2 protein chains.
Amino acid sequence: MIPHLKISTFAQQILSVKYQVLENINSPKDLKKLGVSELDQLAQELRFFVQEITKTKAGHIKSSLGVVELSIALHFVFDTPDDILVWDVGHQAYIHKILTERKNLFHSNRKFGGLSGFTNRKESVYDPFGAGHSSTSISAVSGFAEGAKLKGINRNHIAVIGDGALTGGESFEALNYIGERNLNCLIIINDNDSSIDPNVGALSQNQKYADFFTSLNLDFIGDVDGHDTAKLISTLGSLKNEKGAKVIRVITEKGRGWIDQIQTSSNPKQEFSFQEIFASKMEELALKNEKLVAISPAMLAGAGLSDFKEKFPNRTFDVGIAEQHAVTMSAALAADGFIPVCHLYSTFAQRAFDQIIHDVALQGLAVVFCLDRASLVGEDGATHHGNFDPGFLNTIPNIIITAPMDGKSLSCLLEESLKSDKAFVIRYPKGGNFSKDQKEIGLGFGKLRKLKKGKTKAFISYGAIGLEVQKALKDLKYSHYDLVYLKPIDEDAIATIFSEYDEVISIEENSPAGGLGEKLASLKAKWNSPIRLKCHSLPDQFIEHGSNNQLLELVALDEKSIKGF
Amino acid sequence: MIPHLKISTFAQQILSVKYQVLENINSPKDLKKLGVSELDQLAQELRFFVQEITKTKAGHIKSSLGVVELSIALHFVFDTPDDILVWDVGHQAYIHKILTERKNLFHSNRKFGGLSGFTNRKESVYDPFGAGHSSTSISAVSGFAEGAKLKGINRNHIAVIGDGALTGGESFEALNYIGERNLNCLIIINDNDSSIDPNVGALSQNQKYADFFTSLNLDFIGDVDGHDTAKLISTLGSLKNEKGAKVIRVITEKGRGWIDQIQTSSNPKQEFSFQEIFASKMEELALKNEKLVAISPAMLAGAGLSDFKEKFPNRTFDVGIAEQHAVTMSAALAADGFIPVCHLYSTFAQRAFDQIIHDVALQGLAVVFCLDRASLVGEDGATHHGNFDPGFLNTIPNIIITAPMDGKSLSCLLEESLKSDKAFVIRYPKGGNFSKDQKEIGLGFGKLRKLKKGKTKAFISYGAIGLEVQKALKDLKYSHYDLVYLKPIDEDAIATIFSEYDEVISIEENSPAGGLGEKLASLKAKWNSPIRLKCHSLPDQFIEHGSNNQLLELVALDEKSIKGF
């Protein structure tokens, strides 16, 4: 084991390392000249390099630190990019990126205009299939393996997937397919015994991987120490060009070589994020209402619900990376008389769209959906922006769709949601700086909220982007309304607004189709209203990564742009 | 084995059966008084009864015929509705419905205003969780089992799921969860070795069910003859109130006791459905372009692609009930240089929404999606109407969304789609009566099509509902345009139309949010156009079942209603 180093030695360690091996490594072919001891030295250097360069938070680097030797061994043994190597949830692929012609760009990782934090087809031929969401890699290699058969070519197809991502249903769909077809695929289970929160699921708990894989007609080779470069190379080498569907499990330590950076002690907090307010309100509501239960697909910590789980262990369900199951199970809990609060990242709610329609809304079941990481998510970029949920949810009948502009509104809506007799969605972004003051504000059910009364122009914003609008309008005499409810939309109030102003400007931080702007335009058409209506939303494009401020500027939804509307 | 009877004896058989046992059975408690021989007699009677009453097509009744004895045994042993019994894909539940207080309503099955063809919470307390889509039942019982723990009550939780539905990823997500939590659930695998098309997947092929389930910490009890009522009763009885997660596999014969109804021989066909035209064009294109491959999640026959598979076996991939995998694998095939045509029922495309975004559109991969059973689907009803896809797809950037009004347009769009450098969606409903005449019509890329030139009012329709509009406008002097492309929408042509008429009327057979009407309203607002715009779509409600004509009348999109617009 490499000891976890303390910050006191961090600078010293970095400085003492000259990257003697890494200096000469730019592409996989450079690796193939090295001996095992040099490869081990390279592994050490890579661990420092990736931490020195990225200085990023643990959640985004620890999975890559676990697969340093594996990344080296894969590129040593296989002939990428001709051999197809697909990384599940591409953020375990930092080392892969450094080894495949991106070392000198790696300083730009996750920065605006720079490398993506995930694998990306547009970035490199060494990324034959990108992934930000989990559990797609096995499907992907199956497609390439079928392609190779049709082309009559001989190549290797390798998927590297964490034991956490294996719990996602699509992984099983693909394993079941590959096993039947006995496709030329090597599935590497990177078992670091965690997804983002600690792993759940019987397969991980039970450790009967051989039975599991062989039941699916997959040749389970066994376990390999993921930090033993020589052993990895010999095992992978023996499997190269072996026909058929094979699985190995590589045992790794997540965050191996991670250098602890000591946190500066913080003063008592005055400001709280949406997540903290959500968590605090959940605790308050759970104390008052024993029917309330919380469901999360592997994102309890991200949700802010770690303490909630401590306090209400029997009423907190972490189902693993399994959004479909999370939603259907929530529906069943609602059918059984509970009030399930199903917390999903907006982008992952896409995985459970059918279940939201078929199991929840169609059955009229009162599941509360807290869609976190809604709208732009900054550095995670295009795979993770939560820009589609208002549009896709708005197509569904029998559902309530809301977004709080601020912390108090979130508290208020969460309390309101518990009274709902149908599905109730609350969408909010990461972060925010709100006081924890729980003094209630008046948010009537289905009502928009007047924030500022002015004249000639009325701004109607939806969700937290309203805070930008507030800043922009500070010195301007225009009105500002917070929509709160996208569905049902407050037609009466909107009719009044249409009659009182020369111009209405809508602002939403999501894809235009099915959103606020189109809804207002439809009302204008329905009422044959002469109101001048200008609609601003995220563009109908995939949006890259960068800080949220950079991205808001890019899409012209920042304070300065709004001032000019 | 009960012999398959010929039609010649059908009437005679039906008449000779007096339903002596069934006559006195209205609810499960009536069953509990009977002995095994009477239960066997009841099974016979039920097989005739269900066929006599429904006279429905095989696809919708054969799965229920396979579970007659199982349905009887379940209700004999367990105490429904207190015990929770969930049927996966509710159309195997006809016998269950008859036994649970719906015998006298069963004549209305799948008819407008009558019983649903699937289980339905609103219909009966014996349907604690409804299902039209597959692979949700195990998740559902897990929710009820967690609920029972929280309530501190003792009850049984039973899911009955076909071996076909077991391939859907959500089933695995739920099994993995139940196994870890060791929930009080009995999972009954109804193994009739088929989904809708013959089954695929390594698990089914390999038959190592014991290894599979035990690897997930589920107690696999073994196989039971699904037509041996006494054995079923003793096995289920022994498991009643047994704690923990248990699985049994019941071997059944799908369609057991099905009475063949001889088809009247048909004359050579003059008219062809969308499905036949799709199939014919696919063959033509596959001959010309060897890159074309077809992917279907267990719906090859429904797609019309059975012959295609015969002719191009290596280029046809039936991946089983696994929509997520189907889409990601299609994306990989596109990344590998192929032209994948991924055929999905519109309603099942909801299952792969995230993959369409994350694996296809975001990566700019040119997958062709043929979304069949778009818009209203008649008797299958609310779980299966394809009314959401325009809305949810329209939120996605970098995708082309089209709908042919008729067979020729479908041919044309399919040909066009092969040239696309990005995802290309073609949505069309079941049925249609078109000539197979392949004379091309002019559908320019991204262009709407003028069907009829008139004055004062212009109708713009999207998709096959345009045929209703054509009929409605036959004797009226209004213009009619076929949109063809929802995305990119033909802004130039629409600007011209807005300038030429007093009124524009949009007609689409899908949910309003994100559809044609909202798009036109947005353009009207953007251009500050004074045009009078009236938008007609399916209502923002779940729509029941019935014939498509009944439903079009219900939602006021039938010929007569359109005449009045």
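Student: Which domains does the domain assignment give for chain A?

Tutor: Happy to start there. This is a predicted model, in which local features need pLDDT of at least 70, side-chain atom pairs count only at pLDDT 80 or more, and totals for chains, interfaces and linings use all residues. Residues are numbered from 1 along each chain as its sequence is written, while chains are lettered from A and ligands numbered from 1 in the order in which they are written. With bounds that come from an automatic or database domain assignment, chain A has domain 1 (7-251), domain 2 (274-427) and domain 3 (449-563).

Student: How many residues does each side give to the contact between domain 1 and domain 3 of chain A?

Tutor: The centres of these two domains, taken over C-alpha atoms, are separated by 44 Å. Two residues are in contact if their C-beta atoms, placed from the backbone, lie within 7 Å. On that basis, domain 1 of chain A gives five residues and domain 3 of chain A gives four residues.

Student: What is the radius of gyration of chain A, and what would a compact globule have?

Tutor: The C-alpha atoms of chain A fill a box of roughly 75 × 50 × 50 Å along the principal axes. The radius of gyration is taken over C-alpha atoms, and the globule rule is 2.2 Å times the number of residues to the power 0.38. For 565 residues a compact globule would come out near 24 Å, and chain A agrees with its 25 Å.

Student: How many helices and strands are there in chain A?

Tutor: Both are DSSP runs numbered from the N terminus: helices are H or I with at least four residues, strands are E with at least two. Chain A has 24 helices and 17 strands.

Student: How many residues of chain A and chain B are in contact?

Tutor: By class, the side of chain A that touches chain B has 36 nonpolar, 38 polar and 16 charged residues. Here Ala, Val, Leu, Ile, Met, Phe, Trp, Tyr, Cys and Pro count as nonpolar, Asp, Glu, Lys and Arg as charged, and the others, Gly among them, as polar. The contact joins 90 residues of chain A with 89 residues of chain B.

Student: Which rotation superposes chain A on chain B?

Tutor: Copies are superposed by least squares on the C-alpha atoms of residues with pLDDT of at least 70 in both. The RMSD is 0.0 Å, with 0.0 Å of shift along the axis and a rotation of 180 degrees. The two copies are therefore related as by a two-fold rotation axis. The same surface serves both copies, and the part of the contact residues of chain A that recurs in chain B is 99%.

Student: Where is Pro81(A) placed?

Tutor: Most peptide bonds are trans. The bond from Thr80(A) to Pro81(A) is cis, with omega near 5 degrees. Pro81(A) belongs to the loop between α5 (68-77) and β1 (84-87) of chain A.

Student: Is Arg373(A) buried or exposed?

Tutor: Arg373(A) is not a glycine, yet has a positive phi of about 50 degrees; the residue lies in the loop between β9 (368-372) and α18 (389-394) of chain A. A residue is buried if 20 or more other C-beta atoms lie within 10 Å of its own, exposed if 12 or fewer, and partly exposed in between, with C-beta atoms placed from the backbone. With 27 other C-beta atoms within 10 Å, Arg373(A) is buried.
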